[in-house]
Amino acid sequence: MKKILAAWMLFVLAFAPILWAEEMKTYFPSGKVQMEISDNGMKTYYENGQIMNQIDYKNGEPAGVGKSYYEDGKIMREDDYEKKSWKQYAPEGHLAAEGKM
């Protein structure tokens, strides 16, 4: 399941600026917001309302620091698009890995 979610997120992050030039929202069957996309960025949510991922866009490209979160709200990953680096955090909160893009 995590591999499917990761592949889906990579697709959305790579093609969102191309596929959706205007604002867009998708919803879970419960009616809660699942994803918000605009020219300025994207946010995805867990069904409990916690943010799953957020990324800003500038001129159609990822900008700043993209963040992914565990369902409990703790940080999972940070992708720094300016420094071209990433950090992965364990569910307990400690830094588990880091590298360059």
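**View 1. Strands β1 and β2 pair in the antiparallel sense in this predicted model.** Four bridges join strand β1 (residues 24–27) to strand β2 (residues 33–38). Strands, like helices, are DSSP runs numbered from the N terminus, with at least two residues (E) for a strand and at least four (H or I) for a helix; two strands pair if DSSP finds at least two bridges between them. M24 has I37 in β2 as its bridge partner. Five residues lie between β1 and β2 in this hairpin, and G31 in the turn has a positive phi of about 100°. Residues are numbered from 1 along each chain as its sequence is written. Local features need pLDDT of at least 70, side-chain atom pairs count only at pLDDT 80 or more, totals for chains, interfaces and linings use all residues, and side-chain values use heavy atoms, with hydrogens and water left out.

**View 2. A second hairpin joins β2 to β3.** Two residues link these strands. The pairing of β2 with strand β3 (residues 41–45) is antiparallel and spans four bridges. In this pairing, M35 stands opposite T44 of β3.

**View 3. A salt bridge connects E36 and K25.** Side chains of opposite charge can pair when their charged atoms come close. A salt bridge is defined here as a side-chain nitrogen of Lys or Arg within 4 Å of a carboxyl oxygen of Asp or Glu. The closest N and O atoms of E36 and K25 are 3.5 Å apart. E36 belongs to strand β2 and K25 to strand β1, so the pair ties together parts that are eleven residues apart in sequence. E36 is partly exposed, at 23% relative accessibility, and K25 is also partly exposed, at 47%. Buried means under 20% relative accessible area, exposed over 50%, and partly exposed in between (1.4 Å probe, protein chains only).

**View 4. D79 and R77 meet in a salt bridge.** The N to O distance between their side chains is 2.9 Å. D79 is buried, because its relative accessible area is 12%, whereas R77 counts as partly exposed at 25%. A search of the whole structure finds two salt bridges.

**View 5. I51 lies in strand β4 (residues 51–58).** At 23% relative accessibility, I51 is partly exposed. Leaving aside neighbours within four places in sequence, I51 is in contact (heavy atoms within 4.5 Å) with K43, T44, Y45, Y46 and Y69. G73 is 22 residues from I51 in sequence, and their C-alpha atoms are 7.1 Å apart.
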